[in-house]
Amino acid sequence: MFYSRLLIPTLKEDPAEAEAVSHKLLLRAGMIRKLASGIYNYLPLGLRVLRKVERVVREEMNRAGAQEVLLPAVQPAELWQESGRWQIYGKELLRFQDRHNRDCCFGPTHEEVITDLVRREVQSYRQLPLNLYQIQMKFRDEMRPRFGLIRGREFLMKDGYSFHASEADAEACYQDMYTAYNRIFQRCGLRFKVVEADSGPIGGSFSHEFMVLAETGEDLLASCLACDYAANLEKAEVVVAAANPGAEPLSAAPEEVPTPGVRTVEEVAAFFQITPRELLKTLIYETEKGPVAVLLRGDHEVNEVKVKNLLGVTDMTLAGAGRVRELTNAEVGFAGPVGLHLPIYADQAAAALAEAVTGANKTGHHLVRVNPRRDISITQVADLRTVTAQDPCPRCGTALEILRGIEVGHIFKLGTKYSQALKALFLDEAGQEQYIFMGCYGIGVSRIVAAAIEQGHDAQGMIFPMALAPFQVGLIPISLNDAATKEKALELHAALEAAGIEVLLDDRDERPGVKFKDCDLLGLPLRVVVGPRTLEKGAAEVRHRRRGEIVMVQLEELLSYLQENICQEISG
C-alpha cells in the first residue's frame with residue numbers, strides 16, 4: 001500500500017477536545033474523526049485496526065463452537081417491556097417512536113431480541129445447546145461521553161448468548177467462553193487480568209470482567225499479590241473482621257458535644273483529636289423503596305454497588321441537603337445514626353467499633369462514646385465499603401494491590417432471568433416444559449483499539465501489538481529522487497506484499513524526519529529504511545518500534561528476517 005494513496009490526515013498537535021492518550025493519538029494519527037459527542041467516523045487506518053480485532057474475535061468464537069448471526073439494531077419496546085428493562089434500564093437506552101408512533105429503542109445490548117428469536121425456533125432439548133454471537137454497532141446514550149473510543153455513545157461490540165437445557169451445560173459453556181476470551185486478548189497482544197465483577201443491568205448470578213491493565217484506565221481492580229484472586233473494586237470482597245472483644249458496650253452513655261461549624265470527617269477528627277477510623281459517618285440515600293441510612297467508618301468509602309445489591313434496588317442517590325434536614329433534623333455534616341428513624345445498614349467495620357464519634361442529628365453537635373451495638377438500631381450488618389490496599393486478600397489473606405484497567409470484555413451467567421421473563425421454554429426428555437438456561441458474553445471491539453493504545457504508547461505515538469497494527473511494516477526510502485533507492489523501495493514493497501506482509505510504502509515527497517515521525521505516530525511495529533548509504537552496504541535499516549532497537553539486515557535476508565519477527569510477535 002502506498003502512503004500517498006491513503007487518507008491519513010495526521011495532526012502535529014494534540015487536539016484540545018481530547019483528554020485520554022488513545023483519543024489524542026487516534027485523532028493525531030488520522031484514524032478517527034468526531035461526528036458528534038461520543039460518535040466517530042473511522043478512517044482507513046482506524047478501520048484496518050478495528051477489522052483486525054474483529055477477525056481475532058470471530059476466529060476464536062468460531063473455534064469455540066459459536067455461530068455468527070446479525071440482529072436488528074432497532075428493537076421494539078414490547079420486548080423490553082416484557083423483560084422489565086424498559087422501565088429500569090435508564091436514560092442510556094435511546095428511546096424513540098417510528099412514524100406509526102410505536103415505541104422503539106436503538107439496541108445497547110440484545111438479550112431480549114436473541115431470546116425472542118430462540119423461543120420462536122427452539123422447542124426441544126434436542127435443539128440445545130446453542131451459542132450465537134454477532135459483531136454490531138451499539139448505542140448507549142452516555143450522559144458524559146469521554147475518552148474517545150473508551151466511553152463513546154456509539155461503539156462496536158461483540159455480544160454472544162448461549163442457550164442450554166441444564167445449568168451444568170450452561171456452566172460448561174461459560175468456562176469455554178472464559179478460555180476463548182483469554183485466547184482473544186492474548187492474541188491481541190494485550191496485558192490483562194480476569195476479575196470477578198458485578199453483573200449490573202445485564203443481570204445474572206455471576207460474571208467476570210477482562211481488564212486491560214493501563215495506568216490511564218478508568219476502572220480500579222483489586223489483585224492479590226500471592227494467589228489468582230482479582231476483582232473489580234465494585235465487587236471486591238472485604239474480609240469480615242474477627243469478633244472484637246473491645247466492642248462490648250461501655251458503661252458510659254453517649255454524650256452530646258457542641259461542634260459549631262465542624263462538618264467534614266477531617267474537621268471532626270481534628271476537633272476531637274482522634275483518627276478518622278474512630279468516626280462513624282452516616283450517609284442518607286433515596287431509593288425506590290424509600291430513604292435509608294448507610295453507616296461507615298470515617299476512613300472508609302461506601303461501595304454503592306454493594307449497597308444496591310444488598311437492598312435489591314436499581315436507583316439510589318444521595319439525599320439532598322433539604323431532604324437530610326427533613327429526615328434528621330440537622331444540616332449535612334451533623335446527621336447521625338442514634339435515634340434515627342430510618343433503616344440503618346452498617347458496614348461490618350463500622351459495626352465492630354467499641355466507641356465512636358457520630359453526628360448528633362442536631363446542627364452544630366456531635367455525640368461521643370457511641371457504641372453501635374448498644375446505641376444504634378442497626379437493620380443489617382454487611383460488607384458495604386470499597387476495598388483498599390490495606391485489606392487482606394479474601395482468599396488467602398495476603399496483601400492486595402490496587403490496579404487500573406480498562407474493561408474490554410464481560411461474561412455473565414444469566415441463568416433463567418430472561419427465559420422466564422420472555423417465556424423461552426423447551427420440552428425436556430420427559431416431555432415437560434422447562435426454562436432455557438442462558439449465558440451472555442460481550443467484548444468491546446472498538447474499545448480494544450483504544451485500550452491497546454492506552455497500554456502501548458510513548459511520546460512519539462502509538463506502539464501497536466503486531467496483531468493489531470494497521471500495517472506490520474513501514475517502508476521508508478530516504479530519497480525518491482535517487483533512482484536506485486526508488487527502484488529498490490518499489491522492489492521491496494512488491495516482494496513483501498507478495499509474501500503476505502502488510503507493508504506501507506511512504507512514497508511522499510517529504511523529508512526523512514517527517515516520515516520517521518509519522519511511522520512512529522502510527523505505531524507500525526517495524527520500520528525498514530533504504531537509501532544510498534544502506535544500499536552501498538547491500539542492506540536495509542530495520543527499527544523495532546516497541547524496543548527501539550535498530551538492526552542492519554542484508555537485503556537478501558530481509559524478507560526472512562521480517563517474517564520471523566512478525567511471527568514471533570504475533571505468537572507472543
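**A walk through the predicted model**

Strand S27, which covers residues 473-477, pairs in the parallel sense with strand S29, residues 526-530, over 5 bridges; two strands count as paired if DSSP finds at least two bridges between them, and helices (H or I, at least four residues) and strands (E, at least two) are DSSP runs numbered from the N terminus. Within this pair, valine 473 stands opposite leucine 526 in S29. This is a predicted model, in which local features need pLDDT of at least 70 and side-chain atom pairs count only at pLDDT 80 or more, while totals for chains, interfaces and linings use all residues. Residues are numbered from 1 along each chain as its sequence is written, and side-chain values use heavy atoms, with hydrogens and water left out.

The two strands belong to an open sheet of 5 strands, in the order S28-S27-S29-S30-S31 and with mixed pairing. Its edge strands are S28 (503-505) and S31 (550-554), each of which pairs on one side only.

Helix H8 spans residues 304-311, and its residues Val305, Lys306, Val307 and Leu311 are buried, where buried means under 20% relative accessible area, exposed over 50%, and partly exposed in between (1.4 Å probe, protein chains only). The buried residues of H8 pack against four strands, namely S14 (280-287), S15 (292-297), S16 (316-318) and S17 (344-347), with contact meaning heavy atoms within 4.5 Å. Just after H8, glycine 312 takes a positive phi of about 70°.

Alanine 236 is found in the loop between strand S12 (230-232) and strand S13 (255-258), and it counts as buried because its relative accessibility is 1%.

Valine 56 lies in helix H2, where Val56, Val57, Glu59, Glu60, Met61 and Arg63 meet Met177, Ala180, Tyr181, Arg183, Ile184 and Arg187 in H6. The axes of H2 (residues 44-63) and H6 (residues 167-187) come within 9 Å and cross at roughly 150°, so H2 is roughly antiparallel to H6. Axes are lines fitted to C-alpha atoms, for helices over the stretch in contact, and angles run from 0 to 180 degrees between N-to-C directions; those under 35 degrees count as roughly parallel, over 145 as roughly antiparallel, 65 to 115 as roughly perpendicular and the rest as oblique.
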